[in-house]
Each structure stands twice: as C-alpha cells, then as structure tokens.
Amino acid sequence: MKFRIYHVSLAVFTLFFGAWFLALPRPSFAASVSECPVDSQIQAILSAQNNKELDELEAIRTELIARKDALRVLAKCLTDDVRRTREEVQKLSLSDERDKRVQGRILENLDNVLREQNLDEARINELGLRGTRDAARALKDWRARVYGQVKGQADGFALWLKSRTLIGTAENRLHNITGTLRSLDMIDKEEISRQLDSADHNLREARERHDAAGALLEQSADSGEISLAIKSALDALAKSYENFFTISDEVKKVVPL
Amino acid sequence: MEQLERLLQQLRQIMPDDGYARRSRMQIIGFPVERRTRLTPWSFVMHNLQIGSAIALVALLLIVGFGGFSGWKLLSPFRIASLDVANLRAEAEAISDIQVRLDGVAYTEAPRHITSTISRTIPPGAKTTSIESAGGTEDKTPKPLTIDEALDILSQ
C-alpha cells in the first residue's frame, strides 16, 4: 500500500476528532449517594418475615441469618466508602504547607472514623434479632454524626482548593481588564471606574473570606460552618463577575466586542 | 534542387508525438478520449495536496458545525479577550457550580426509592406496610439501595 499525503491527512483528521471526542465533558461515574449491593440480603429478610410456611422459631432463625448477612455487607460498604473518601483526599496534589497540614488533619480524622466503626465479624456473630436492629441504628447514627462530619470536611477542602483557583483567575481577569481599559482610554469613565473599584473590593473580600474558611478547615471545624464560609467567599467572587459583566456592557457601547 | 530534395527528406522524418497521435486517432473515430497525463513528481504532489486539503476543509467544517466554534468573533476588529462575555460567563458558571456542590456538603442522604425496591423484592400479596412507610418516590428503574436506605430497613 502506497503511503500518500491523504493517508496522513486522514490520520490527522482521525486523531484530531478522537482527541476532541475524548475531551468532551462526561458525566461523573462516582455516585453522589453511596450505593450498597445488599438487595438480596434485604429480600431474604422480607421473605423470612412473610413466609407463612415457616414456624415462628424457624422464621426468626432465617431472618436473623439474613440480617447478619446484610450487616456484613453493609459494614464492608461503610468502610469502603470511608476508604474512597480517604483516597480522594490523599491524591490531592498540594505544594503549600498549610494545605498539606489540612490534608494531613483530614486523613487523620478519616483514620479515626475507620477505627471507630467496629462492627466486625465477631460482634455480628453475637447479635440477636434486636441486636441487629440496634446495630443498624447505631451504624446509621455513626455515619451521619461521625463520618458525615469528616466527609463534609474532606469535600469542603476539595471545594476550598477549587475556589482558590477561581479567585486567582478572577484576580488575573481584573488585571487584564484594567490593562485593556487603559489602552482603550476608558479607565476614567465614571461608571467603569466605579465598577472597577467595586470589583477590586469584592475580590479582596472573597480572598479574606476564603482565608477564613481555610482557618476553619485547619481547626477541623464543623463541616456546615466550613461550607458556609466558602460559600460566603464565592458570593463575593460572584459579585466581582457582576462588575465585569457591567464593564463589558459599558465597553460594548463604544467598541464592538 | 538537390538541396530541396534533402529538405523534403528531412520533413518526412517529422513525426507527431505518440500520445498526440493516439488521442487524435481516437477523436477521429469518435472513441472517448483517454485523458492520461504523465505522472510527474510535481503532479503527484499536487494531486495528493488537493485530496489532503479537501479532507482538512471537511474536518474544519465539521468542527465549526459541531464544536460551537464562534469564528465570526474573529472578524470583530476589536476582539478584547479580557472582556469577552463568553469567557466571563464560563468563569461565572464555574463559581455557581461550586456553590451548588457546597450545598451538597451538608446534605444527608434521603431515602430515594425504598418503596420501589421493596415492592420488587416482596412476593405478591405479602404485607409491606412497615417497609413502605420508609418513604421515597416511585422510581421506574431499580437501583441498588444506598447504605442509609439499607440501614433504615435493617433498623426496623
């Protein structure tokens, strides 16, 4: 087969489109809620409860076996969930010392959470029917109270890092816009000057609030409090973009953008 | 005279180009003319270049068509990137995306589809009241239970 230019073109074309297709945004495959393959065990519990052919003792024994099986699966799902969160935190590539400190603190908290979840095989084997109910209730409480907090801190930390990048982008944006306005000789226009001052103020505010959220992360504060602090920083950041849009509209009146 | 004879002898030796003679003969007898150009390195390069350009143009057209490429903006005499609304909007959307995700940080899992999951697991006619009371909306595509949903069922 002869090697021709159109073969090269075809290859370039395919590579280009391949790259374009791969670069398309895809839905995240990570489930937002933690699923657990426990359906068959739950079905076994329900079957035991509803099977009229079994005598009472046999029904209780069958249900207990199914409940213990379900608890084993759930205990594994719970620890897997914590480990997944731990991996996500650990793989964050950080250079700043403060960031590394927060990362270390969260990893430590996650390890403590794993230690606290002590529903092991020996404990499950000792449980009676009521014991399995109590254990499930205790696990749910542990998940919401203990793990929920640390998971909130871990998620908050990842979003706090992303927010910092966004603040940096906005600061660059303000710098570039100021340069453009200066070159267009529009920087002294009343409305534009006012919007620039406001954008600068909002960005400073965003940076300060973001730092405050960082302090909360360092202290392992309540995840709700951390989330609110980051949101507050982002609110200020969003306001700076309102300023940018207004400036863009003002410039558009004079120069076609 | 002798000179003229020599000249005529020379003229007799003039022969048409082979290709030209063949094409002319074909035209006279009404046969479709075979247009076969001689393959020179230059024509080879040009030929391949034409095909390559055609493919590249089609590719560009497809990118413009499907990629949402706003090429007309390049035509604007004052294209000021720092004030480009599309860029500003993209950055502003990234902010609201994180704001939405922050709402989920304090979110605790709510039962999703317990009724549907249970209804497909329970034999017909069996009592289901205690489990159905856990709530949730009807979901046509069955999914595995979440950890919290399973714990809810187990604690009953």
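Biologist: Which residues does Glu250(A) touch, not counting residues up to four places away in sequence?
Modeller: This is a predicted model, and in it Glu250(A) has its place in helix α8 (residues 223-254) of chain A. When residues up to four places away in sequence are left aside, the residues that Glu250(A) touches are Glu191(A) and Ile192(A).

Biologist: Are helices α4(A) and α6(A) roughly parallel or roughly antiparallel?
Modeller: Two packed helices are described by the angle between their axes and the distance between the axes. Helix α4 (residues 97-116) of chain A packs against helix α6 (residues 129-183) of chain A with the axes 10 Å apart and at an angle of about 160°. Angles over 145 degrees count as roughly antiparallel, and therefore the relation of α4(A) to α6(A) is roughly antiparallel.

Biologist: How many nonpolar residues does the contact of α4(A) with α6(A) have?
Modeller: The two helices pass each other in a left-handed crossing. On the side of α4(A) the contact is made by residues including Val102(A), Ile106(A) and Leu110(A), and on the side of α6(A) by residues including Trp142(A), Tyr147(A) and Phe157(A). Sorted by class, the contact of α4(A) with α6(A) has two polar residues and one charged residue, while its nonpolar residues number 10.

Biologist: What is the handedness of the crossing between α6(A) and α7(A)?
Modeller: The axes of α6(A) and α7(A) come within 10 Å and cross at roughly 160°. These two helices are therefore roughly antiparallel to each other. The crossing in which α6(A) passes α7(A) is left-handed.

Biologist: How many charged residues are in the contact of α6(A) with α7(A)?
Modeller: Among the residues making this contact are Trp160(A), Arg164(A) and Glu171(A) of α6(A), together with Asp200(A), Arg207(A) and His210(A) of α7(A). When the residues of the contact of α6(A) with α7(A) are divided by class, there are 13 nonpolar and six polar ones, and the charged ones number four.

Biologist: How many nonpolar residues are in the contact of α3(A) with α7(B)?
Modeller: The crossing of α3(A) and α7(B) is left-handed. By class, the contact of α3(A) with α7(B) has no polar and two charged residues, and its nonpolar residues number nine.

Biologist: How many residues of helix α2 of chain B are buried?
Modeller: Chain B has seven helices and zero strands, and of its 156 residues 14% count as buried. Helix α2(B), residues 18-28, is hardly covered, for among its 11 residues the count of buried ones is zero.

Biologist: Which helix of chain B has the lowest confidence?
Modeller: The mean pLDDT of chain B is 72, with 62% of its residues reaching 70 or more. Confidence in chain B is highest in helix α4 (residues 85-105), at a mean of 91, whereas the lowest, at a mean of 38, belongs to helix α6 of chain B.

Biologist: Over which residues of chain A does pLDDT stay under 50?
Modeller: Chain A has a mean pLDDT of 86, and its helix with the highest confidence is α7(A), at 96. There is also a stretch of chain A with zero contacts beyond four places in sequence in the model, and the residues of this stretch, over which pLDDT stays under 50, are 24-32.

Note on methods: Residues are numbered from 1 along each chain as its sequence is written. Chains are lettered from A and ligands numbered from 1 in the order in which they are written. This is a predicted model: local features need pLDDT of at least 70, side-chain atom pairs count only at pLDDT 80 or more; totals for chains, interfaces and linings use all residues. Axes are lines fitted to C-alpha atoms, for helices over the stretch in contact, and angles run from 0 to 180 degrees between N-to-C directions. Helices (H or I, at least four residues) and strands (E, at least two) are DSSP runs, numbered from the N terminus. Angles under 35 degrees count as roughly parallel, over 145 as roughly antiparallel, 65 to 115 as roughly perpendicular and the rest as oblique. A crossing is left-handed if the near helix is turned anticlockwise from the far one by less than a right angle, and right-handed if clockwise. Two residues are in contact if their C-beta atoms, placed from the backbone, lie within 7 Å. Ala, Val, Leu, Ile, Met, Phe, Trp, Tyr, Cys and Pro count as nonpolar, Asp, Glu, Lys and Arg as charged, and the others, Gly among them, as polar. A residue is buried if 20 or more other C-beta atoms lie within 10 Å of its own, exposed if 12 or fewer, and partly exposed in between; C-beta atoms are placed from the backbone. pLDDT is the predictor's confidence in each residue, from 0 to 100.
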